[in-house]
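Reader: I'm new to this one. Can you walk me through it, one question at a time?

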Amino acid sequence: FALAEHLAGGEDTFAALMNQEAKRLGLANTHFVNATGWPAADHYSSALDMAKLARAIILEDPEHYSLYAEKEFVWNDIRQPNRNLLLWRDPTVDGLKTGHTDEAGYCLVASAKRDGQRMIAAVFGTDSEAARATETAKLLAYGFNFFDSKIFFTRGQEVETVPVWKGAARTVKVGVAADFAAVLSKRTAGAFQSRVVLAESAVIAP
């Protein structure tokens, strides 16, 4: 609350900024009215949106992401353990956030990285701290056991050549602005093919 007042002048204004960020991240089932996360009218989110938020934190703020893996914090001789029990049970887990309210139950958004592949799991509505850790571990195991990430095209890679009209060159190389990847079922991973579809068949110079 104090941080919200310092950054935005008040909690209402800070919540409005949070909603702007939620919209930017595509959190379609999220609306904030406070900075604490405590239950309030018209304050809600979903497991999917929290997974999307976790992904944004991992990708957009890697400098601070390591804080989520800290197992404990000591201040004024008071030791506060991290409530994410998976940090002790699974060395591949490195975040992210626990939560609990009467309405939502015990919740956990966790992330783990194994063999270069990262998974995020979001579990809501369990009835204890132990249950949320157990169910989240099951979900992560399911993801790693049955799915693989595949990068089809990398940033800067030439994907296709397009004809150019009215230009000095007859063709131009095209590619993707960012790595193009998908998560595929391990059982059917070999059955997928990629196809390039261009918005226009030719480019008019310049």
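Reader: What distance separates the end C-alpha atoms of helix α6, and what span should its 18 residues have?

Author: This is a predicted model, so we're reading computed values. Helix α6 runs over residues 129-146, and at 1.5 Å a residue its 18 residues should span 26 Å. The end C-alpha atoms agree with that, so both answers come out at 26 Å.

Reader: Which residues of α6 are buried?

Author: Buried here means under 20% relative accessible area. In α6, the residues that count as buried are Ala131, Arg132, Ala133, Thr136, Leu140, Gly143 and Phe144.

Reader: And what do the buried residues of α6 pack against?

Author: One partner is a helix, α5 (86-89). The others are strands: β3 (93-101), β4 (105-114), β5 (117-126) and β6 (147-153).

**The whole protein**

Reader: What does the C-alpha trace span along its principal axes, and what share of residues is buried?

Author: Along those axes the trace covers about 70 × 45 × 35 Å. Of the 206 residues, the buried share is 28%.

Reader: How far apart are the centres of the positive and negative side chains?

Author: There are 22 positive side chains and 25 negative ones. The centres of the two sets are separated by 10 Å.

Technical notes: Residues numbered from 1 in each chain as written. Predicted model: local features only at pLDDT ≥ 70, side-chain atom pairs only at ≥ 80, totals over all residues. Heavy atoms only, no water. Buried < 20%, exposed > 50% of the residue type's maximum accessible area, 1.4 Å probe, protein only. Lys, Arg positive; Asp, Glu negative; His and termini not counted. Charge placed at Lys NZ, Arg CZ, Asp CG, Glu CD. Helix = DSSP H or I, 4+ residues; strand = E, 2+ residues; numbered from the N terminus. Expected span 1.5 Å × (residues − 1). Contact = heavy atoms within 4.5 Å.
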